[in-house]
Amino acid sequence: MNLTLNLISFLGIFALCFVAWLGSEDRKALPIKVIVWGIALQLVLGLLVFQVPITRNLIANLGDLFNALIDAADTGARFLFGDLIVPKMESVGPGAAGRWITRALQNPYVAVPGDRLGNNFLDFGYIFAFRALPQVVFFSALVSLLYRLGLIQPIVKLCAIVFRATMGISGAESLSGAANIFVGIESVIAVKPFLADMTRSEICAILTSCFGSIASTVLGLYAGYLRGTFPNITAHLMSASFITIPACFVIAKILVPEKEEPKTLGTIPEEPEDDSQEKPSPMDSLIVGALDGVNMATGIAAVLIAIIGLVAILNNMFGSLAGLSQSSFAPWQLIGNLFSVVTLNNIFGVLFFPLTLLTGVSLNPPEIWQASVLIGQRVLQTSIPPYIELARLNSQQLISDRAMLIVSYVLCGFAHIPSYGIFVGGLASLVPSRRNEISSLGWISLWAATLATLMTGCIAGVFFFGDSASILGR
């Protein structure tokens, strides 16, 4: 246990606030109350998640419940695609040694009773389209059903009340931020009647909470990557969703300070209901949610194909330039040597290295570099490729438990360029009269969310003391 890293993580919280202040629209208008209470909320939540046994066990139990839902989603996918593509998470038959002997004496490529998903479940047998995307469909349907039954709204309102009462922000941005814990751009619908009259700072805060958090519909998607070696990952991603929202408000209010008086200051608005339309039945809500999930899953697949393909083209260009190092012409050799180390991952790794250092991820420079590359990779490629790579590194014990935990918290968000169109376009469509202002705030909010997710990683680093068994669930 090295308390130096915990201290670095703690100081990193304030360092990230300083980084945000450097880019503030008004450095003289420092939102002290939001900063103090926002950080205090994060520290209290972090303490409850990591160090208080009662709440830590409760959150772990909630994570187990969510894992059961992930397994249920696998059951639906297994019905469509079969056991070969979606194998069962069970262990029956001979132990590891017995299965090794069976394969040694027979065909090694034939499945043996007792095979199950383990540390290497992301290797040859894991097909993203059949294993991960069905999770999005299932959880979209489930969240839609829970909203129709009125089970999520009380939690959202309670969180909104806490945010408003402690940080002194408006009711509308509190409600939208709280809703972002469970849903994505749909959270803005809750405050649609107030969007036209919102202040610039409110809109920035709402967009930042959209970018900085993840919807429940993709939580299962992310958790599935690390479950094999990080059994409590689901509980920690749930916790990260809560911790990140105060961080989003802190950074957003520093970057775009509040200079006006919001119309919903001091009150929590009620979510609007259209009395002219008949409420859908629970089954209708489930079906509509599933269909929305299909659209979301298709969108995720399309974005990944396009973005990863584009990254490959750029890296191939860099690779071609690196081939100039074999030239007999000295200037070409110089260019080739330069591009032999230039890739998009390395470029973003360099940019994020100092910010990653602030999270207290490690004192080992190669491991800090490893973490900064993963975090930087998210900017263009979404959180999915970095999570997959993090799972590979973890399964091969190429990354420490502390680094894995902090990076998994930092990656838990939509703070990447592919989501820009979703959130900015979605919000602008609800209030077209402010489209230009929303577009200009989009990049500020994306930067704010990036800093906020790094701050969430700092919170994880503050309270991790090397107790992997209780924290990671091993």
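Colleague: What share of the 474 residues in the protein chain is buried?
Modeller: Buried residues account for 50% of the 474. Buried means a relative accessible area under 20%, exposed means over 50%, and partly exposed lies in between, with a 1.4 Å probe and protein chains only. The model is predicted, so local features need a pLDDT of at least 70 and side-chain atom pairs count only at pLDDT 80 or more, while totals for chains, interfaces and linings use all residues. Residues are numbered from 1 along each chain as its sequence is written, and side-chain values use heavy atoms, with hydrogens and water left out.

Colleague: How many helices and strands does the protein chain have?
Modeller: The protein chain has 20 helices and 0 strands. These are DSSP runs numbered from the N terminus: helices are H or I with at least four residues, and strands are E with at least two.

Colleague: What is the mean pLDDT of the chain?
Modeller: The mean is 85, and 90% of the residues reach 70 or more. The pLDDT is the predictor's confidence in each residue, from 0 to 100. Over residues 91–96 the value is below 50, and that stretch has 10 contacts in the model beyond near neighbours in sequence. Over residues 108–125 the pLDDT is also below 50, with 40 contacts beyond near neighbours in sequence. A contact means heavy atoms within 4.5 Å.

Colleague: And what part of the contacts with a separation of 6 or more comes from residues 24 or more positions apart?
Modeller: Such residues account for 80% of those contacts in the protein chain.

Colleague: Moving inside, which residues touch the most other members of the largest nonpolar core?
Modeller: L221 and Y222 do, in a core of 132 residues. Helix 11 (residues 233–255) provides the largest share of this core, with 15 residues. A nonpolar core is a set of buried Ala, Val, Leu, Ile, Met, Phe, Trp, Tyr and Cys residues joined through side-chain atoms within 4.5 Å.

Colleague: What is L221 in contact with, leaving aside neighbours within four places in sequence?
Modeller: L221 is in contact with F128, A132, L133, Q135, V136, I300 and I384. L221 is one of the buried residues of helix 10, as is Y222.

Colleague: Why is helix 10 described as largely enclosed by the rest of the structure?
Modeller: Helix 10 (residues 216–226) is largely enclosed because 11 of its 11 residues are buried.

Colleague: Now the salt bridges. How many are there?
Modeller: The count comes to 9 salt bridges, each being a side-chain nitrogen of Lys or Arg within 4 Å of a carboxyl oxygen of Asp or Glu. One of them joins D26 and K259, at 3.5 Å from N to O. This pair links distant parts of the chain, 233 residues apart: D26 is in the loop between helix 1 and helix 2 (32–50), and K259 is in the loop between helix 11 and helix 12.

Colleague: Are those two buried or exposed?
Modeller: D26 is partly exposed, with a relative accessible area of 22%, whereas K259 is exposed at 59%.

Colleague: Which residue forms a salt bridge with K263?
Modeller: D197 does, and the closest N and O atoms are 3.5 Å apart. K263, in the loop between helix 11 and helix 12, and D197, in the loop between helix 8 and helix 9, are 66 residues apart. K263 is exposed at 66%, and D197 is partly exposed at 48%.

Colleague: What about R200 and E437?
Modeller: Their side chains meet in a salt bridge of 3.8 Å, N to O. E437 in helix 19 (residues 435–463) and R200 in helix 9 are 237 residues apart. Salt bridges that share partners join E25, R200, R434 and E437 into one network.

Colleague: Where is T199 found?
Modeller: T199 is in the loop between helix 8 (171–179) and helix 9 (200–212). It counts as buried because its relative accessibility is 3%. Leaving aside neighbours within four places in sequence, T199 is in contact with E258, E260, P262 and R434.
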